[in-house]
Amino acid sequence: MLNDSYSRTNCALTELLVASPGSKQRNIGSILVFAIFGTAVSAFIVGGSLFLLGKKQWVYELTFTESFAFGSFLSAVDPMATLAVFHALEVDPVLNMLVIGESILNDAVSIVLSG
């Protein structure tokens, strides 16, 4: 199953890279908003919640930096299952491109946020 997901992701990534240049340029704004803004908001919500819950002794207490580093780590989840479902349902290629592009960039955003 892991091999199947990996090959589907490679296939989808190849489709993204060889797509017509106009389609990538039209969608780069949406991809960047999803990757940068979405990942940052998710990291701050998760990290802030974890920090506040730790201060109330409801969860293990972490420092401010540790909480936000963990929040950024959790925000960079790759959508392997989503891409597999998209491939099975043959969804719109633009939606597929948005999800692939966001998944590629959100890892980089998460590394920057946790660094």
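This is a predicted model: local features need pLDDT of at least 70, side-chain atom pairs count only at pLDDT 80 or more; totals for chains, interfaces and linings use all residues.
Residues are numbered from 1 along each chain as its sequence is written, and side-chain values use heavy atoms, with hydrogens and water left out.

Which residues of α5 are buried? They are N96, M97, L98, V99, I100, G101, E102, S103, N106, V109 and S110. Buried means under 20% relative accessible area, exposed over 50%, and partly exposed in between, with a 1.4 Å probe and protein chains only.

L113, also in α5, is partly exposed, because its relative accessible area is 33%. L113 touches T39, A40, A43 and S72, residues up to four places away in sequence not being counted; contact here means heavy atoms within 4.5 Å. Between L113 and F44 there are 69 residues of sequence separation, yet their C-alpha atoms are 9.6 Å apart.

I turn now to S75, in helix α3, residues 64–75. S75 counts as buried because its relative accessibility is 11%. Its side chain reaches the backbone oxygen of G71 at 2.8 Å, and a polar atom of that side chain lies 3.0 Å from the backbone nitrogen of A43. Beyond neighbours within four places in sequence, S75 is in contact with T39, S42, A43 and N106.

For residues 31–53, an unreviewed UniProt entry lists "transmembrane region"; such annotations may be inferred rather than shown by experiment, and the positions follow the numbering used here, with feature names shortened. In the model this stretch is 100% helix and 0% strand, with its end C-alpha atoms 32 Å apart.

Finally, the loops. Most residues other than glycine have a negative phi. Q57, in the loop between α2 (21–55) and α3, has a positive phi near 65 degrees. E90, in the loop between α4 (80–89) and α5, has a positive phi of about 50 degrees. Q57 is exposed, with a relative accessible area of 57%, and E90 is exposed at 69%.

Methods: Helices (H or I, at least four residues) and strands (E, at least two) are DSSP runs, numbered from the N terminus. A polar contact is a pair of N or O atoms within 3.5 Å; within protein, one must be able to donate a hydrogen and the other to accept it, and residues adjacent in sequence count only if both atoms are side-chain atoms.
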